[in-house]
Amino acid sequence: MKKALVVLALVFAFVLVGCMTTVEPFAVTSNELGSKVGEASAKFLFGYLPLSFNMDLGIQKAAQNGGITKISTVDVKAKQGFLVTTISTVVTGE
């Protein structure tokens with residue numbers, strides 16, 4: 001019984017640990033890699049239910065947030081927690 005409780009506690013702790021991955025490099029241009037980074041994010045409950053109705057995950061919004069006019073690269077990141085998943089579009093450039 002004691003071992004079962006320890007295993008159950010370890011499984012529960014493992015489920016609570018979040019992870020972050022870069023889903024894929026979305027786009028790359030011939031512009032030089034810049035020093036500015038812009039990000040646009042949104043949170044989802046259980047991975048698909050939006051927590052806000054005015055979300056903008058677009059490349060243009062991420063570039064505006066970073067003050068970028070010449071985009072070099074675009075990445076999409078996902079950070080998954082127990083209940084909430086955050087999806088982000090990350091833009092680099094000048």
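User: Before we start, what should I know about the model and its numbering?

Analyst: It's a predicted model, where local features need pLDDT of at least 70, side-chain atom pairs count only at pLDDT 80 or more, and totals for chains, interfaces and linings use all residues. Residues are numbered from 1 along each chain as its sequence is written, and side-chain values use heavy atoms, with hydrogens and water left out.

User: Which residues of helix α2 are buried?

Analyst: First, the terms. Helices (H or I, at least four residues) and strands (E, at least two) are DSSP runs, numbered from the N terminus. Buried means under 20% relative accessible area, exposed over 50%, and partly exposed in between (1.4 Å probe, protein chains only). In α2, residues 59–66, the buried ones are Ala 62, Ala 63 and Gly 66. Looking down the axis of α2, those buried residues fall within an arc of 100 degrees, so they line one face of the helix. That arc is taken from the directions from the helix axis to the C-beta atoms. Gln 60 and Gln 64, on the other side of α2, are exposed.

User: What do the buried residues of α2 pack against?

Analyst: They pack against β2, β4 (71–80) and β5 (84–93). Contact here means heavy atoms within 4.5 Å.

User: How many bridges does β5 make with β2?

Analyst: Two strands count as paired if DSSP finds at least two bridges between them. β2 and β5 pair in the antiparallel sense over 10 bridges; Lys 43, for instance, has Thr 86 in β5 as its bridge partner. β4 also runs antiparallel to β5, joined by nine bridges, and Val 76 is partnered with Thr 89 in β5. β4 and β5 make a hairpin, with three residues between them.

User: Is β5 mostly enclosed or open?

Analyst: Eight of the 10 residues of β5 are buried, so β5 is largely enclosed by the rest of the structure.

User: Where is Leu 83?

Analyst: Leu 83 sits in the loop between β4 and β5. At 38% relative accessibility, Leu 83 counts as partly exposed.
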